[in-house]
Amino acid sequence: MPMTADSITDLIKQGIPDAEVEIVDLAGDGDHYKAVVVAESFRGLPKVKQHQKVYAALGDRMGGELHALALETRAP
């Protein structure tokens, strides 16, 4: 069963409490999303580390419940 945008947002905010999260359903199918994640805790981190923090927040749902997620991350 695919994840909802609200579920994705909640998981990211639980893992990155200072994050502001915007989720866009790219295909309209509830299975392919883009997440824009802005967090002060990303400041000074390379993109790879920022993305790793988001993936860590999502845990093992990537590739399972959450099929595809395009990421845009940055500090405010």
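Mentor: Gladly, and let us begin at a turn. In the hairpin formed by β1 and β2, 6 residues lie between the strands, and G28 takes a positive phi near 70 degrees. Keep in mind that this is a predicted model.

Trainee: In which sense do β1 and β2 pair, and over how many bridges?

Mentor: Strand β1 (residues 20-25) pairs with β2 in the antiparallel sense, over 6 bridges. To see one of them, find D25, whose bridge partner in β2 is Y33.

Trainee: And what stands opposite Y33 in β3?

Mentor: That is L69. Further along, V37 stands opposite T73 in β3. Altogether, 7 bridges join strand β2 (residues 32-38) to β3, and these two strands run parallel. Between β2 and β3 the chain passes through helix α2 (residues 47-58), making a β-α-β crossover that is right-handed.

Trainee: How buried is β2?

Mentor: β2 is mostly covered, with 5 of its 7 residues buried.

Trainee: How should I read the side chains of a strand?

Mentor: The general idea is that in a regular strand the side chains alternate between the two faces of the sheet. Now apply that to strand β3 (residues 68-74): L69, L71 and T73 point to one face and are buried.

Trainee: Let me try a helix next. Which residues of α1 are buried?

Mentor: They are I8, T9, L11 and I12. Looking down the axis of α1, you find its buried residues within an arc of 165 degrees, so they line one face of the helix. On the other side of α1, D6 and Q14 are exposed.

Trainee: What covers the buried residues of α1?

Mentor: The cover includes β1, β2 and α2.

Trainee: Could we zoom in on a single residue? Why does T9 count as buried?

Mentor: The step here is a cut-off: buried means under 20% relative accessible area. T9 has 15% relative accessibility, so T9 counts as buried. You will find T9 in helix α1 (residues 5-15). If you leave aside its neighbours within four places in sequence, T9 is in contact with V21 and I23.

Trainee: Now the whole chain, please. In what order do its elements run?

Mentor: From the N terminus on, the order is α-β-β-α-β. That comes to 2 helices and 3 strands.

Trainee: How does the radius of gyration of the chain agree with that of a compact globule?

Mentor: For 76 residues, a compact globule would have a radius of gyration near 11 Å, and the chain has 12 Å, which agrees. Along the principal axes, the C-alpha atoms fill a box of roughly 35 × 20 × 20 Å.

Trainee: What share of the residues counts as buried, and what does the surface of the chain come to?

Mentor: Of the 76 residues, 33% count as buried. The accessible surface comes to about 4,400 Å², and 52% of that belongs to carbon and sulfur atoms.

Conventions
Residues numbered from 1 in each chain as written. Predicted model: local features only at pLDDT ≥ 70, side-chain atom pairs only at ≥ 80, totals over all residues. Heavy atoms only, no water. Helix = DSSP H or I, 4+ residues; strand = E, 2+ residues; numbered from the N terminus. Buried < 20%, exposed > 50% of the residue type's maximum accessible area, 1.4 Å probe, protein only. Contact = heavy atoms within 4.5 Å. Pairing = 2+ DSSP bridges. Right-handed = clockwise from strand over helix to strand, strands pointing away. Arc of directions from axis to C-beta. Rg over C-alpha atoms; globule rule 2.2 N^0.38 Å. Areas by Shrake-Rupley, 256 points an atom, 1.4 Å probe, with all protein chains shown as cover.
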